[in-house]
Amino acid sequence: MQAKKRYLILVSAGACLVLLFYLGGVQLPAARRSRHERSRNGYRSDQPWPHYSDPLQAFLPWDQTDTEDYNLHISPRQKRDVNRSVYKGKRCRMDSCFDFSLCQRNGFKVYVYPQQKGDKISESYQNILSIIEGSRFYTSDPGQACLFVLSLDTLDRDQLSPQYVHNLKTKVQSLPLWNDGRNHLIFNLYSGTWPDYTEDLGFDIGQAMLAKASISTENFRPSFDVSIPLFSKDHPRTGGERGFLKYNSIPPFRKYMLVFKGKRYLTGIGSDARNALYHVHNGEDVVLLTTCKHGKDWQKHKDARCDKDNAEYDKFDYKEMLHNSTFCLVPRGRRLGSFRFLEALQAACVPVMLSNGWELPFSEIIDWNTAAVIGDERLLLQIPTTVHSIHQDRILSLRQQTQFLWEAYFSSVEKIVLTTLEIIQDRVLEHGSRSSLMWNSHPGGLFALPQYSGYLGDFPFYYATLGIKPYPKFTAVIHAVSPLVSQSQPILKLLVAVAKSQYCAQIIVLWNCDKPLPAKHRWPATSVPVIVIEGENKVMSSRFLPYDSITTDAVLSLDEDTVLSTTEVDFAFTVWQSFPERIVGYPARSHFWDSNKERWGYTSKWTNDYSMVLTGAAMFHRYYHFLYTHYLPTNLKNMVDQLANCEDILMNFLVSAVTKLPPIKVTQKKQYKETMMGQSSRASRWADPDHFAQRQTCMNKFASWFGTMPLIHSQMRLDPVLFKDQVSILRKKYRDIERL
């Protein structure tokens, strides 16, 4: 029995070997023919068998197989050849295609090539160049530059566009500093043209970095290129409108759940997703409208759905839909990017991305999962179910993050350009780069300068996130401009009153007077250290320099003639501890729009409405000294120094621009106005009509630079508990404030 089994096994094995040999012999000639054909197509017969790692392609109907998109998919080799022609520096990374030594001498400086006579340049690209030239990164000396930007317009590289610049390849190669693109940055919004819309710029970019819209993940070089959003020529140059989310509605649902309104492409690249939207549209809470009524000869190519789609398209107002929808669909167009992306962000309509392979804008720093829904074109029919399943708490969080990202990085061309430069600077100065929290939380990376500190707890914005509190003491900085001639001068009384505060760590007297420093015995004896510093160049901006002597988080900024009691100082600091990112103080002012003169006005009238707290008696975080010195442009600070005026207005502009919040006014004694105006050293300044006119001019100059009016009105005043209540004075902590 066992012998019979062994016999059957041997027979079976032999039969299998014969069958395999027979089948292999049949296939051998075919294999030889295949190799022969490959050699004719460019392969050598001695090459090893190629390894194909590309996934199988999805089935396409027969009528779509003649499109350019399909041809690219069925020919992986052709596709790779196209990609090689797009970027020859495909493998470029910062460590291989960037010369860090150029940045070690002078830091991160950017040089813009001078414009040549006769060069055509679009308004959008001119805006980009002007923004760079007006930034703190700019240098006019190429020998000091770390990064170079072309003056040749590279924004629109669509050959059918009127903005297309011809002979760019020759012009770029002739630049004396080009050096194969090393340490160069190229901005681009549109590349390729009909029908395939490749990402070819029409010239060899060499080792240059790209700041490009609609860039694919396949061509994007991580930590080297920068993906930027597609923006229109009408996008604001500076400032920009704020987001449209005025208040948080609970629950956070709107009239529509999901909307889209835009063009439909009947054939070619980008047509698949938009052609299928009608399957999801229900005309009620999911409104996805398309029209094929675009282009000169659209009627020649229209399909059976065109007339119906066009009629439905005209029934709905796009802005009304945008402002009344919870989610906004952002499908790809001919290119991967779309104007709908920025429109949705501004409208607090959570973007639902439907553009496979798109490297989202600023993906290196922004966590888009906190502000958008990333969909898949192949799963379009699941999108409505997906957005309906998102919890209302999550929707509210997504919506709030869209507003933060819009205002921090996308509301103007200036913010887009500066964000691009800051990203590159973080790569160059890795030891001083921003954390993900700094980029993705208020106030954003443009206002959180890592050169100030590498520890988040040193900034006024992250105390709650870190679960810590600011240092429980303050440093008083008294700005002295008058000589010390009498022991009864207000500055000496102020110094004594502030020194008695239980929260005072030290007092710094900034001596900006033309007279020599007083002898040490002229200053009163105090329980806290008094440091006298001679002002740098005796200018107004020196009061906001980031002095190393300031060791506390809080700074109490004081004019020499300010009259405050110890109780008032204590209360102001107590309030500031709850609002460390804002200005907290006493004398308030306001701004208004003068419709007759069509300009901003400044008023010192004492009303319940205010938008500024003067830094002559105010508490704020020391980080704003650093931001004032290193963020604001030199021309604004020079204006302040020349006028010896407006430094307090500029600081209020800066803090309100950062926080998007008004300052906080606290209780002060009734006599403050009369007492302050009665002092000799500054009475002439406040009463001088030229001084007031200068402040009007400053308001408009500052608003022009910020691109908007950052000041915000408030009617809130914080008083001590039981202030003015008809109870025993002994029950009140800050009882002296009522007696003053």
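Over which ring does the charged end of K665 sit? I found the charged end of K665 over the ring of W606, 5.6 Å from its centre. The criterion I applied was NZ of Lys or CZ of Arg within 6 Å of the ring centre and within 35 degrees of the ring normal. I also noted R340, which lies over the face of Y318 at 4.9 Å from the ring centre.

**Entry: the model and its confidence**

I am working from a predicted model, in which local features need pLDDT of at least 70 and side-chain atom pairs count only at pLDDT 80 or more, while totals for chains, interfaces and linings use all residues. Residues are numbered from 1 along each chain as its sequence is written, and side-chain values use heavy atoms, with hydrogens and water left out.

I looked up pLDDT, the predictor's confidence in each residue from 0 to 100. The chain averages 85, and 85% of the residues score at least 70. Over residues 25-74 the pLDDT is below 50, and this stretch has 20 contacts beyond near neighbours in sequence. Residues 672-684 also have a pLDDT below 50, with 19 contacts beyond near neighbours. I took a contact to be heavy atoms within 4.5 Å. Where pLDDT is low, the predicted coordinates should not be read in detail.

**Entry: the chain overall**

I recorded 26 helices and 23 strands in the chain. These are DSSP runs numbered from the N terminus: H or I of at least four residues for helices, E of at least two for strands. Buried residues make up 51% of the 740 residues; buried means under 20% relative accessible area, exposed over 50%, and partly exposed in between, with a 1.4 Å probe and protein chains only. Among contacts between residues at least 6 apart in sequence, 74% join residues at least 24 apart.

**Entry: the sheets**

I traced an open sheet of 8 strands in the order β15-β14-β13-β16-β21-β17-β22-β23, with mixed pairing. Two strands pair if DSSP finds at least two bridges between them. The edge strands are β15 (530-534) and β23 (717-718), each of which pairs on one side only.

Because 5 of its 5 residues are buried, β21 is largely enclosed by the rest of the structure. Strand β16 (residues 554-559) runs antiparallel to β21 and is joined to it by 5 bridges, with S557 opposite A618. Strand β17 (residues 584-585) is also antiparallel to β21, through 2 bridges; here G585 has A618 as its bridge partner.

I then followed an open sheet of 5 strands, ordered β9-β8-β10-β11-β12, with parallel pairing. At its edges stand β9 (286-291) and β12 (373-374), each with a single partner strand, so one side of each is left without a neighbour in the sheet. Strand β8 (residues 256-263) joins β9 through 6 parallel bridges, and T290 in β9 is the bridge partner of G262.

I checked the span of helix α14 (residues 392-410): its 19 residues reach 26 Å from first C-alpha to last, close to the 27 Å expected at 1.5 Å a residue. The expected span is 1.5 Å times one less than the number of residues. Since 14 of the 19 residues are buried, α14 is largely enclosed by the rest of the structure.

Not counting residues up to four places away in sequence, Q401 touches T370, A371 and N440. Q401 and W368 are 33 residues apart in sequence and 9.3 Å apart in space, C-alpha to C-alpha.

**Entry: aromatic pairs**

I counted 33 aromatic pairs. Rings of Phe, Tyr and Trp (its six-membered ring) pair if their centres lie within 6.5 Å; planes under 30 degrees apart count as stacked, over 60 as edge-to-face and the rest as tilted. Y452 and F626 form a tilted pair, 5.3 Å centre to centre with 55 degrees between the planes. Y452 lies in the loop between α16 (436-440) and α17 (463-466) and F626 in helix α20 (residues 623-630), 174 residues apart. Both are buried.
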